[in-house]
Amino acid sequence: MVVSLKNTLEEKTEILAEEKFKKGFPFPAESAIIVKNDRTCEGVGYLEKILITGGRPLRGEVNVAGAKNAVLAILSATILSKGLCRIDNIPNISDVSIMLHILHQLGADVRRVGKHTVEINTRYFNSGLVPHDLTKHIRASYYLLGALFGRFGHARVAMPGGCDLGVRPIDLHIRGFERLGASVSFEENAVISMQSDVISGSPIYLDMASVGATINIMLAAVRARGVTVIENAAKEPHVVDLANFLNSMGADVRGAGTDVVKIHGVLELHGCDYSIIPDQIEAGTYMIAAAATQGDVLVRGVIPKHMESISAKLIECGVTVEEHDDSIRVASSSRATRCKIKTMPHPGFPTDMQPQIAAMLTAASGTSIISEGIFDNRFRYAEQLVRMGAVIKVDGKVAVIEGVETLKGCAVRANDLRAGAAMIIAGLMARGTTEIEDVEYIDRGYEDIVGKLRALGAEISRKEVYDVVDPVSQIS
Ligand code: UD1
């Protein structure tokens, strides 16, 4: 029985891989990730789990990869140029594979020229519909709206997918496009369509400092006629990285990193060579993992300035944090002490670090309070930590965490990308074995997290399992 299920799965996986190859999918290593995560085989599911036996302090050095949220915006921005863009420090994560796949499907010439280097030429590009089967996997596919509109003056893109963190409207993006002269309409099958004869620069005030809206408006405005001023712009490091990339292509974007971004439209953008900034959230995750396991880790290849809010909270929790030019050492020899955290836009404590620090605080001494200031529904992971013995009460956007002596390993799931990172940290701290399901969420944003943690001394591995999917449970 097991053999026949396995054969069915392998056959179907091969067919999927072959179909993707025929369509010209150019990245064999990455295509494997997409194929694995497609649970399309009737009656059979292919699952991967991460297994961790906790209790070992992390020790050693770890290198941080390029920033996920920067690279996704920058890959979209290549649509704006007709020249060759060579981009370095690209992280090997599934969100990047999917974005490269989307660009390739739309006509871009995409080549991997090194483990972390990609060359992209979008001279020939299809400006027609970007369908849901391309956009459904990643939130950042909404950047195709701004980039296609900026290049062609029109765009038709199906609504993006991404992690479920509560309602995630894109009204600010749409209003920004309208201010630049777009007429926007919503078609069947959740397709957003917009066009304009002339893109005209304009002052745009954002009601919230939205990262996505700031980036999308920048993409749409770089080739507009006249000047666009974004007030109350997001200041996140990836907004600055995108501005630097656009300027390397000949754009004129000033003020990124402050709350006023000014964009003088230019006629043409050219190709460039660029290197992505290090990932603030990946770096922060290893910093917290080091503190949570009472270890001693040098996190290399970071921009310490980007890490200040995270370093400050760790120091408040009694952890030693030493900043160097491009690395940070985090060491601890006792339980963290309790603290209060409110997530806020940059330079505040990032919402994308909230689940990871919550995991550490489950075993801190005393009671900690976390207030989520960005998303409506970012505590879904709390239930999983409670299964491991954590004491957490969630009331709306506030979680109260009573520190316990120790967590105990059990089967848990990654509800989303950062929730998955929190489960890994909890597993590293826990007594016994933790088995994490739905690891494809973790692959969206962490390059080789298992290999990196193993090199730091963790007892962690991936396990592939074939699972008979219950058709009834699939319906919900
Ligand atoms: C981006 C990041 C995500 C990070 C988040 C906050 C990417 C691909 N994702 O997400 O990892 O957690 O920033 O740092 O870079 N809002 C509106 N209307 C809009 C847009 C946003 O009401 O049109 C609200 C959202 O619901 C949310 C808040 O503004 O409450 C912030 O969202 P935003 O900064 O836009 O986050 P994302 O771009 O979705």
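Student: In which loop does Asn-232 lie?

Tutor: Asn-232 lies in the loop between strand S11 (227–231) and H9. Helices (H or I, at least four residues) and strands (E, at least two) are DSSP runs, numbered from the N terminus. Before we go on, two notes on reading. Residues are numbered from 1 along each chain as its sequence is written. This is a predicted model, in which local features need pLDDT of at least 70 and side-chain atom pairs count only at pLDDT 80 or more, while totals for chains, interfaces and linings use all residues.

Student: What is the phi of Asn-232?

Tutor: Here is the general idea. Most residues other than glycine have a negative phi, and most peptide bonds are trans. Asn-232 is not a glycine, yet its phi is positive, about 60°. Asn-89 also has a positive phi of about 60° without being a glycine, and Asn-89 is found in the loop between strand S3 (84–88) and helix H4 (94–105).

Student: Which residues does a cis peptide bond join?

Tutor: A cis peptide bond links His-346 and Pro-347, with omega about 10°. Pro-347 sits in the loop between strand S18 (340–342) and H12.

Student: Is Asn-232 buried, exposed or partly exposed, and how many C-beta neighbours does Asn-232 have inside 10 Å?

Tutor: We count neighbours. A residue is buried if 20 or more other C-beta atoms lie within 10 Å of its own, exposed if 12 or fewer, and partly exposed in between, with C-beta atoms placed from the backbone. Asn-232 has 19 C-beta neighbours inside 10 Å, so it counts as partly exposed. Asn-89 has 19 such neighbours inside 10 Å, so it counts as partly exposed.

Student: How many residues of H9 are buried?

Tutor: In H9, 9 of the 12 residues are buried, so the helix is largely enclosed by the rest of the structure. Among the buried residues are His-238, Asp-241, Leu-242 and Phe-245. What covers the buried residues of H9 includes H3, H8, strand S12 (252–254), strand S14 (272–275) and helix H10 (280–292). After H9 comes Gly-250, whose phi is positive, near 105°.

Student: How many residues of helix H6 are buried?

Tutor: Helix H6 (residues 143–152) has 9 of its 10 residues buried, and is mostly covered. The buried ones include Tyr-143, Phe-149 and Arg-151. Among the elements that cover them are H3, strand S6 (129–130), H7 and H8. H6 is followed by Gly-153, with a positive phi near 80°.

Student: Which residues have the most contacts inside the largest nonpolar core?

Tutor: In soluble globular proteins, nonpolar side chains tend to be buried together. A nonpolar core is a set of buried Ala, Val, Leu, Ile, Met, Phe, Trp, Tyr and Cys residues joined through C-beta atoms within 7 Å. The largest one here has 145 residues, and Met-218, Leu-242, Met-287 and Ile-425 have the most contacts inside it. Helix H14 (residues 417–429) gives the largest share of this core, 10 residues. Domain 2 (48–65 + 278–466) and domain 3 (68–275) both give residues to this core, so it lies between them. Those domain bounds come from an automatic or database domain assignment.

Student: What does Ala-359 touch?

Tutor: Two residues are in contact if their C-beta atoms, placed from the backbone, lie within 7 Å. Not counting residues up to four places away in sequence, Ala-359 touches Ala-292, Leu-385, Ala-422, Ile-425 and Ala-426. Ala-359 lies in helix H12 (residues 354–361), and it is buried, with 31 other C-beta atoms within 10 Å. Ala-359 and Ala-292 are 67 residues apart in sequence, and their C-alpha atoms are 8.2 Å apart in space.

Student: How many residues surround the ligand?

Tutor: A residue is near a molecule if its C-beta atom, placed from the backbone, lies within 6 Å of it. Here 21 residues surround the ligand, and the closest are Asn-69, Leu-172, Ser-210, Val-211 and Gly-212. Helix H3 (68–77), helix H7 (171–179) and helix H8 (211–221) are the elements that give two or more residues to this shell. Domain 2 and domain 3 both give residues to the shell, so the ligand lies between them.
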